[in-house]
Amino acid sequence: MEYSIASRSSSKASALIDIKQSEISFGITPETADSLPNPAELYLGSFSSCILKNVERFSILMNFEYTNAEILVKATRLEKPPRMDNINYVLKVYSQDESLNIDLLKKNIEKFGTIYNTVKQSCTIHGEVQKISE
């Protein structure tokens, strides 16, 4: 499988990523630091999106129902050289389904997530998956 995106920026302004029919704005200047995501935040957003996509994928493969899922991701950035060093996440899966095996879900997310495995090659990841009964 191959992927293709296009990005563009304007000097002293902002930038855009074009992916399929979506356009994602991101910041490249100090003036946009509080209003637009920066590249590091987009990286973490991709990481969290991978996990949420796999919750949906494994709900089908593992045969469980859930109403929604949410994830909080925190990361430590080192300065020299600039890089992510440690990523921590808490994934909450809202479900009343007794067949939901949280340990197996976490194992599958960590084994089969494309972005997860790519990130794991460059930094430490610590995660927690919680089932929230509604």
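## Strands and hairpins

Strands here are DSSP runs of E with at least two residues, helices are runs of H or I with at least four residues, and both are numbered from the N terminus. Two strands pair if DSSP finds at least two bridges between them. This is a predicted model, in which local features need pLDDT of at least 70, side-chain atom pairs count only at pLDDT 80 or more, and totals for chains, interfaces and linings use all residues. Residues are numbered from 1 along each chain as its sequence is written, and side-chain values use heavy atoms, without hydrogens and water.

Look at β4 (residues 68-78) and β5 (residues 83-94): they run antiparallel and are joined by eleven bridges. V73 has Y89 of β5 as its bridge partner, and a hairpin of four residues connects β4 to β5.

β2 and β3 are also antiparallel, with six bridges between them. Here A15 is bridged to F26 in β3. Two residues lie between the strands of this hairpin, where K20 has a positive phi near 50 degrees.

## The largest pocket

A pocket is an open set of points on a 1 Å grid over the protein atoms alone, where a 1.4 Å probe fits, with protein on both sides within 12 Å along at least five of seven lines; lining residues have an atom within 4 Å of a point. Grid points are joined across faces, edges and corners, and the volume is the space filled by probe spheres set on them.

The largest pocket has a volume of about 930 Å³. Its lining has 21 residues, of which Y3, I19, S46, S49 and I115 are the closest to the centre. Two or more lining residues come from each of β2 (14-19), β3 (22-27), α1 (39-61) and α3 (114-120), and α1 gives the most, with seven.
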